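Subject: Structure for you to look over

Hello,

I am passing on the structure we talked about, with notes on what turned up in it. Please look at it first and then read on.

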Amino acid sequence: MNEFSRRGFLGLAGAAGVAGLAACAGTGTAPSTGSGGGSSNTIEFWSNHPGNSKPVEQEIIKAFEAANSGLKVKLVDAGKNYEEVAQKFNASLAGGSLPDVVVVSDVTWFNFALNKQLSPLDELLATAKLDTSDYVDALYNDYNLDDKHYALPFSRSTPLFYYNKDLWKAAGLEDRGPKDWDEFLTWAPKLKAAAGSDKIVMELPDGSNYLDWVFQNMVWGYGGAYSKEWTPTFSDPNTVKAGTYLQNLAKDGYLKLSKDPAPDFTAGIVGCSMMSTGSLGGVAKDAKFPVGTAFLPTDGNCPTGGAGVGIPANISDDRKKNALTFIEFLTNAQNTVTFTQATGYMPVRKSAVELPEEKAFLEKNPNAKTAIEQLPKTRSQDNVRVLLPGGGARIGKGLDQIVQGQDVAAVFKALDAESQQVFDSQIKSKLGA
Amino acid sequence: MQSSVTHPRSATPGTGGPPPEVGPPPRRSSGRAWEWSLAALLLLPNLVLLIVFTYRPLLDNIRLSFTDWNVSSPIANPVGLSNYIEWFGRDDTKIIVGNTLVFTVATVGISMAVGLGLALLLDQKLRGRNLVRSVVFAPFVISGAAIGIAFQFVFDPNYGLIRDLLVRIGVGVPDFYQEPGWALFMVTVTYIWKNIGYTFVIYLAALQGRRADLDEAAEIDGASAWTRFRRVLMPQLRPTTFFLSITVLLSSVQVFDIINVMTRGGPQGNATTTLVYQVYQETFVNQRAGYGATVATVMFVILLAVTVVQVRFMDRGKKA
């Protein structure tokens, strides 16, 4: 009996553990449309506090509550990055309590909009008589699907070219970024010689950490693209040329990939990088050398990025109205200035840069000015990266393989096929539905 | 085994005890019913919890594995076996199953072996052993995410601790984050470091409950230390080893936090992606919750099979 009990117990414990594992790992509940729950007078705002913005978010919320008696805002820690916020929102769609306002990134908003889980804002904006013409056009139009807008810009960023001015000086280079990638290639040997063997000329984030976002600039710079609308164009000769350029930079010892170039750059180990404007505050504060910022090489080829804020579809009209009131306050010109100065993200309102406090700030912080001046030169990213499910991760994986020396044409050919297959199976039938 | 103890109230006549009570014979069937009712009553709360939070989601997961459910969609269309056919046919399946196998075998094997070694060492009468025991156990109670962040500084190829040590002895520094083999090595070592405290403390408890007289007898009979370890100690630790092999296997297969923090399944997309991480990526990154459920179901079947084999193996070992 004793023997049976122990063996039986262990066996049962193992089986329960295995079952629990599969149950936890799986998706759990069946999909359903939720009633939304929540209270109409308490606006639940789900955020990952982009750019360590929790204190400034709280400050704006306090001002909102003072200006709108009867309305409260509950700030919820919904994850440490945009993907985690999306996961939490997905979980709430399967039957939980929905937020009133949710942060959605340039990548995550589309799937929610496509599956009708975010409210189209146009009607709400018209009813509330809110003017959207003050939002920066390129940023506002990033959330457009079938002529409807599903989010308003909030923590928007672009990549910037960051460089170590001391190294530039030692290499005898002008105090500016490269005009194009061919010019950078002529600079690279000088930078390498000046940096020494223990330092890295350029470091970029790896494929698991948005290499695909900054590489968009190189692809466009060589006349290629990830896609034209929904048609993948990785095998386009110009896209392959950009991939080959990236591979050669690594092969020649000028480029390294890392999980996060910001600490290496601020430590002085790395000569230059392409990083988000959201990194500007931390880099400028921590670097022990003069930091230079410049437009990305090749004029007019800078991708937009970052996040906006949306309103779930399945909540009451009262809640939607209050949510929009809060979003309008959160992203008005004055609060845009507050948020921008605290985080390094870009002003999402055109009039924000005309406010005296912003003008004074930009005067004192020329690096922040670079980001704003680059804004009119930005482009929306190619669909297969930003709108296709898993697009960023898929392209990032391919770019990692290219940097490690795999055949560029073969990697890109596979990306064409995979991207087309994902579009056919997951997107095509839903477009225009 | 026969009992030699008799209850005073059932003492036989002529032994000086009190006379037996007179009455009807005990009703066996009603006693059984009572025992069953009591058992059911005591088990009910746990059974309800297991059914609601484990078995129902498990069945739901299996159902979803036959659909094309997009995680954000209210609709899940049936797709038959196509998710399973895709999983078996995809190029990355081999890589991911291989990663899972390497990670699991290494973490189970090494953490049990090192845990046993440390338990044997710290079972000796050594000065400061309680402090060392605490130090060895401590990583187990730290969250995987925190350990993942801390170990990024250990393995960083530019300014990490390991780089510093290797440079001092003139050895080249691998790029743990970009080279697939080294990346898997990095997450495996990190997980083993976290998990050794668990195997150590379970083995230590087992060692403290072992029969020292058997060891002494074997020593008197002239058995070597190795023979005593193999023939006397290990058989006594067999149930503990079996228990650990199941629990460590299950926790190793479930590891997510360390991989997510350190590599996000990369480099090159899937060099450190294990089955459970693939479930996450397919469900939340690629939005294919139906396919994610398929991977979870496949993982369930594999683990169930492994656990059954382990139980059988243990059973056979006991009979031998």
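Chain A contains 19 helices and 16 strands; helices (H or I, at least four residues) and strands (E, at least two) are DSSP runs, numbered from the N terminus. The model is predicted, so local features need pLDDT of at least 70 and side-chain atom pairs count only at pLDDT 80 or more, while totals for chains, interfaces and linings use all residues. Residues are numbered from 1 along each chain as its sequence is written, and chains are lettered from A and ligands numbered from 1 in the order in which they are written.

On overall dimensions, the C-alpha trace of chain A spans about 70 × 70 × 45 Å along its principal axes.

Next, the sheets. Strands of a sheet pair through backbone hydrogen bonds, either parallel or antiparallel. Here two strands pair if DSSP finds at least two bridges between them.

One open sheet in chain A has 5 strands in the order β2-β1-β3-β15-β6, with mixed pairing. Its edges are β2 (72-77) and β6 (152-157) of chain A; each has a single partner strand, so one side of each lacks a neighbour in the sheet. From one strand to the next, the twist averages 25°; such angles run from 0 to 180 degrees between N-to-C directions, and axes are lines fitted to C-alpha atoms, for helices over the stretch in contact. Strand β1 (residues 42-47) of chain A pairs with β2(A) in the parallel sense over 6 bridges. A:Ser47 stands opposite A:Asp77 in β2(A).

Another open sheet of 5 strands in chain A runs in the order β11-β8-β12-β7-β13, and its pairing is mixed. β11 (255-258) and β13 (291-294) of chain A are the edge strands, each pairing on one side only. The twist in this sheet averages 25° from one strand to the next. Within it, β8 (residues 200-205) and β12 (residues 270-276) of chain A are joined in the parallel sense over 2 bridges. A:Ile200 has A:Val270 in β12(A) as its bridge partner. Helix α8 (residues 181-195) of chain A packs on this sheet and touches β8 and β12 of chain A, its direction making about 110° with that of β8(A). Contact means that the C-beta atoms of two residues, placed from the backbone, lie within 7 Å.

Two helix pairs remain.

In chain A, α9 (residues 211-221) and α10 (residues 237-251) pack at about 120°, with their axes 8 Å apart. That angle makes α9(A) oblique to α10(A) (under 35 degrees is roughly parallel, over 145 roughly antiparallel, 65 to 115 roughly perpendicular and the rest oblique). A:Phe215, A:Met218 and A:Val219 of α9(A) make the contact with A:Thr239, A:Ala242, A:Tyr245 and A:Leu246 of α10(A). By class, this contact of α9(A) with α10(A) has 6 nonpolar, 1 polar and no charged residues. Nonpolar covers Ala, Val, Leu, Ile, Met, Phe, Trp, Tyr, Cys and Pro, charged covers Asp, Glu, Lys and Arg, and the others, Gly among them, are polar.

In chain B, α3 (residues 91-122) and α9 (residues 225-253) pack at an angle of about 140°, with their axes 9 Å apart. α3(B) is therefore oblique to α9(B).

Regards
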